[in-house]
Amino acid sequence: MKPEAVYFFGTCVVDLFFPEAGLAGIELLKREGVRVVFPRGQTCCAQPAYNCGYHEEARAVARGQMALFPKPLPVVVPSGSCAGMMKHHYPDLFEGTPEHAQAVAFAARVHELTQFLVDVLGVRLTDRGEKATVTWHSSCHGLREMGLEAEPKALLSQLSNVTVVPLKRERECCGFGGTFSVRYPDISAAMVTDKIADVASTGAPTVLSADAACLLNIGGALEKTGAAARPMHLAEFLWERTRER
Amino acid sequence: MSAETGATDFHASSSKALLDPSLRANFRRAMDGLMAKRAAQFPDPAEWNALRDLAASVRTRALAKLPELLETLEAKCVANGLKVHWAATTDEANAIVLAILRDHGATRLVKGKSMVSEEMHLNDFLSANGVESLETDLGEYIIQLDGETPSHIIMPAIHKNKQQIARLFGQKIRDAVYTEDVDALTATARRVLRQKFFEAEAGLSGVNFAVAETGTLCLVENEGNGRMSTHVPPIHIAVMGLEKVVERLEDVPPLLTVLTRSATGQPISTYFNMITAPRGPGEKDGPREVHLVILDNGRSRIFSDSELQVTLRCIRCGACMNYCPVYTRIGGHAYEAIYPGPIGMILTPQIEGLKRRHELPHASSLCHACTEICPVEIPITRLLVRLRKEAAQPPAGSKVLDAGGGRSRLEDLAWAGWQAAHTSPLLYRVMGTALRLFGPLAPRGLPLLNAWTKSRTVPKRAKRTLQDLVREKGIPDA
Amino acid sequence: MPETARAAILGRLHAAAGSGSALPALGKILPGPLSSKGWSPAERLTRLRRAMEAVKTEFLEATEEGWPEAVHDFLVSEGAKKVAYGPATEAGRALAAAFPPGTLPELVPYDRPVEELKGALFTDIDAGFTAVRSAIAETGSLVLWPSPEEPRLLSLVPPLHVALLSSATIRETFLETIREEGWARRMPANALLISGPSKTADIEQTLAYGVHGPKRLVVVLV
C-alpha cells in the first residue's frame with residue numbers, strides 16, 4: 001500500500017560525497033506522489049562503530065537517529081549497507097536495553113530505496129535519455145543483508161535506451177568494508193584493483209551501484225588509475241534519465 | 001611475531017602474500033574452480049535452503065546435547081571394543097598418542113588427513129620423539145615434503161602449482177624424475193606411499209562425524225589413504241575435536257551430502273568409511289586396536305558462550321575459504337593459523353586468545369559471502385563483529401580468551417570523537433565543512449589517508465551537502 | 001591424567017550446557033531433498049550408472065547365471081594373473097566354479113589373517129573381487145559391509161576392484177538405506193560406501209585416478 005509520506009535517511013556518505021544521489025532519491029519518491037520528510041539532525045547510521053566493535057558509541061549515535069524519525073512512517077535509505085545496519089543490526093545493538101522495543105519497531109520501518117520504489121510504490125519509468133551502456137555493482141550488504149538483487153535490475157530493465165553489461169564477478173566485494181579499507185589497505189587495494197579491471201572489461205563508461213560507499217571506493221580507484229569509467233549512484237542515474245525537462 | 005604479546009603480524013604476512021603473483025594466480029584459479037563446482041551441486045535454491053536448514057538443525061541438536069552425547073559415544077565405543085582417551089590440551093593429546101605408540105614399540109605411523117592433528121602439531125612432536133609420522137593424503141604429503149603447513153583445510157597444497165610440485169618431487173624423492181604430468185606425479189606418490197602403508201605399525205586419522213548412537217567414526221575421503229591408514233596397520237588412532245559428535249546415524253546423510261558438495265562439488269566422496277569396531281572375531285584384517293582421542297583445546301570454552309557456540313557447528317568443508325575475497329587474494333599461509341579464512345578468523349582467536357589474534361576478526365570486509373555459503377548456517381560475519389567487540393569492549397563476565405586483548409587507547413579516542421561528531425548535528429555540520437575547506441590540505445602523511453590513497457584518489461567532499469540541498473529545495477523537516 | 005581431563009572437559013560442558021532446547025527430530029523436519037524420490041527400479045539403475053560412470057567406474061552387464069563366466073572372461077582379457085576373493089561367500093563359491101584350476105587367472109583365497117597375506121596382497125594380486133550389499137542411486141555408491149568371509153582390504157589394496165551388484169538391491173538414498181536396512185541396530189565393524197576408483201585432485205585440482213586405492217572399479221551388474 002502506498003504511504004502518504006515517508007522519511008528519508010540520506011546517510012553520511014551520500015550527504016558529504018554524493019548529495020545529488022540523495023536528492024535524486026527524494027525526487028523519485030516525490031514523483032510517485034509521496035511526501036518526503038528529511039529530518040535535519042540526521043548524521044550516520046552508526047555502522048562504522050558497530051562493525052568495529054565499539055557498540056557503546058554506536059548505540060549513542062543510533063539512539064540519536066531513531067529519535068529523529070518518531071512517526072510511524074517508512075524510513076527510506078539510499079544505501080543497502082546503511083539500510084541493512086538499521087534494519088538488521090539495530091535490534092541486536094539494543095538487545096537488553098530499554099530501547100530494544102523501539103529499535104525493533106524502527107527496524108521494521110526501514111526500506112532500501114530501490115526496494116521501496118519497486119516493491120512498495122511499483123514505479124514505472126520512462127526513459128528519456130540517450131543510448132547508454134552501464135555496468136552494475138551489487139553492494140555486499142545490499143545483496144546479502146537486504147536481499148537486493150532483482151529490484152535494481154528491474155528498474156534498469158525499464159529503461160529502453162540502457163544496456164547493462166554484467167560484471168564477471170558481480171557478487172564479489174569491491175574491497176571497501178569500512179575501516180577494513182584503511183586497516184588492511186593492501187588487501188583492500190588488491191580487491192578494488194580486480195573490481196575496476198572487471199569494470200573496464202565490460203567497456204561500460206558508467207558503473208552503477210545502490211551504495212555510495214562502494215562508489216567512493218571504486219570511483220577513487222578508477223580515478224587513480226586514469227580509467228575512463230565513472231561511478232554513479234543508481235538513484236541519480238534513474239532520475240537524470242527519467243525526469244521531465 | 002611480537003615478542004611482547006606473542007601477537008602475530010597479519011599485516012605483514014598478508015601484504016607479503018599479495019606481492020607473490022604466482023601465489024595469487026594459483027589461489028584465484030583454484031577458488032574459481034571450487035566455487036563453480038560447488039555451485040553446480042546446488043542448482044536449486046529451494047533444495048539448498050532446505051538442506052542447509054536440515055544440516056544446521058542436526059548440528060544444533062548435537063551441540064544442545066553435547067556433554068550427554070559425548071558420554072554416550074564413549075560408552076558405545078568402549079562397548080564396541082575401542083579405547084577412548086580425553087585430552088584437554090594438544091600437549092595431552094600428543095602424549096596420549098605417543099604413549100599408545102610406545103606401548104607397541106611402533107616407530108612408523110601413517111596418517112590420513114586430520115586438521116586436529118595439525119592443531120596438535122603432531123608430526124613435529126612425534127618426529128622429535130623418534131617416530132616417523134608420515135602424511136599420506138597427496139596434498140598433505142606434498143607440503144610435508146616441503147616442510148610447510150596446509151594453506152587450505154580441504155586442499156592443503158592448493159598454493160602450489162604442478163611445476164613447483166614437480167621440482168619438489170625431483171629433489172626429495174629418490175628415483176623421481178622431473179615431470180609436470182599430474183598422473184605421473186600421482187603415480188610417484190603412490191609408489192612411495194604404498195610401501196609406507198605396508199610397513200606402518202600404526203595409522204592415524206581424523207574423524208568427520210562420530211555417531212553417539214552406534215559409536216561409529218565416519219571418515220570422508222577420495223584417495224583411499226584414509227582407508228589404508230585405518231585398515232592396514234595393526235593399530236588405528238583416531239583424533240577428533242569434541243564437537244564432532246552427532247546424535248544418531250540418521251544425522252549422517254544430511255551432513256555428508258552438504259559436506260562433499262560444499263567442499264569439492266562432489267555428490268559424494270569416493271570413500272565413506274564407517275568404523276565401529278576393531279578387527280572382530282574371525283575377521284582377517286582391520287586394526288587389532290582402535291583408539292579414539294577426544295580433544296578439547298579451547299572448545300569447551302567456546303561452548304560456554306551461547307552466541308559463539310555456533311562456531312562449533314562447523315563441519316570443515318572449507319567453502320567459506322573458497323568464497324572469501326580476502327582468502328582468495330592472500331592464501332591460507334598469511335593467516336599463520338591452522339584454520340585460515342573466515343572460519344579461522346572466528347575459530348583461531350577463540351582458541352589462541354584475542355591478545356595474540358585480535359587482528360584476525362578485522363581481516364574481513366564483512367561482505368557476508370562466507371555466511372551466505374556456510375552449509376550449517378554459521379553466522380560468520382556476525383561472529384566476526386562479536387569478536388571485534390570482545391577485543392575492544394568486552395562485556396562484563398566475557399568468556400572469550402583474552403577478552404579486551406585488542407584494546408587501543410588511540411582507537412578508543414577515535415571512536416569517542418566519532419561519537420561526538422555524530423551525536424551533535426551542529427558538530428557534524430562543522431566537521432563536514434572542515435572536511436570541505438581543509439580536506440584537500442590534509443597532509444599526505446596522515447596514516448589513514450595514506451592507506452586510502454595508496455590505490456585511490458582522495459575523496460572530494462561535495463561543495464554542497466545533501467543537508468544543504470534539501471534546505472534549498474524546501475524538503476520538509478518533519 | 002586422562003581421567004582428570006575427562007572429568008574437567010565434561011564438567012565444563014555440563015556447566016555450560018543450555019536448556020537442551022527441544023529441536024524437532026529428523027523425521028519431522030525432513031525436507032524434500034532427503035525424502036523419498038519415487039524412482040522406479042529402472043530409473044535407480046540409470047541414475048546409479050550415470051553417477052558412477054561420471055567418476056570413471058566401469059560396468060559389466062551379466063546374467064544371474066552367467067556372471068562368474070563374465071568376470072572370468074573379463075579378467076582374462078585384462079591379463080590378470082592373480083585375483084583375491086572370499087572363498088566362503090555364496091558369490092565366492094560361484095566365482096570359483098568359473099575359474100578352472102591350473103589356468104590363469106589364479107584365484108587367491110583371502111581366508112587367513114592379513115599378516116600372512118600382506119606381501120602378496122600389496123605386490124602380486126592384480127584384482128580383488130567382492131560382492132556388494134546394496135547400492136545408492138542418488139550418489140552412485142556401492143554399499144559394502146566387509147566381513148570375516150569378505151575382508152576389508154579386498155576392495156582397497158589390489159589395483160582393480162571387481163564388485164558384484166544385483167540391480168534389485170539399488171536403493172534411492174543413503175538415508176533410505178540406513179533406515180530400511182536397520183543399520184543403527186547392527187552396525188558392522190566396518191561399513192563402506194564406495195563411489196568410484198580412488199582419486200585425487202590435490203595437484204592443481206587436476207583429477208587423477210588410482211592414487212592409493214584401486215585404479216579401476218568394475219561393477220558387474222546382474
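Between chain A and chain B, 37 residue pairs are in polar contact, both residues having pLDDT 80 or more; a polar contact is a pair of N or O atoms within 3.5 Å, where within protein one must be able to donate a hydrogen and the other to accept it, and residues adjacent in sequence count only if both atoms are side-chain atoms. On the side of chain A that touches chain B, helix α11 (residues 185-202) gives the most, with nine residues; helices (H or I, at least four residues) and strands (E, at least two) are DSSP runs, numbered from the N terminus. That side of chain A comprises 36 nonpolar, 16 polar and 20 charged residues, with Ala, Val, Leu, Ile, Met, Phe, Trp, Tyr, Cys and Pro taken as nonpolar, Asp, Glu, Lys and Arg as charged, and the others, Gly among them, as polar.

The model is predicted: local features need pLDDT of at least 70 and side-chain atom pairs count only at pLDDT 80 or more, while totals for chains, interfaces and linings use all residues. Residues are numbered from 1 along each chain as its sequence is written, chains are lettered from A and ligands numbered from 1 in the order in which they are written, and side-chain values use heavy atoms, with hydrogens and water left out.

The rule also finds eleven salt bridges across the interface of chain A and chain B, a salt bridge being a side-chain nitrogen of Lys or Arg within 4 Å of a carboxyl oxygen of Asp or Glu. For a look at such a pair, A:Arg183 and B:Glu411 meet through their side chains at 2.6 Å, N to O, in a salt bridge.

In the contact (heavy atoms within 4.5 Å), chain A takes part with 72 residues and chain B with 65 residues. About 6,300 Å² is buried between the two chains, and carbon and sulfur atoms give 60% of this area; buried area is the accessible area (1.4 Å probe) that two parts lose on being put together, summed over both. Within chain A, the residues that lose the most area to chain B are A:Arg40, A:Tyr54 and A:Tyr184, together 13% of what that side buries.

Turning to chain A itself, the fold holds 13 helices and eight strands. The C-alpha atoms of chain A fill a box of roughly 50 × 45 × 25 Å along the principal axes. Of the 245 residues in chain A, 66% are buried, that is, under 20% relative accessible area (1.4 Å probe, protein chains only). Among contacts in chain A with a separation of 6 or more, 80% join residues 24 or more positions apart.

Conventions. Buried means under 20% relative accessible area, exposed over 50%, partly exposed in between (1.4 Å probe, protein chains only).
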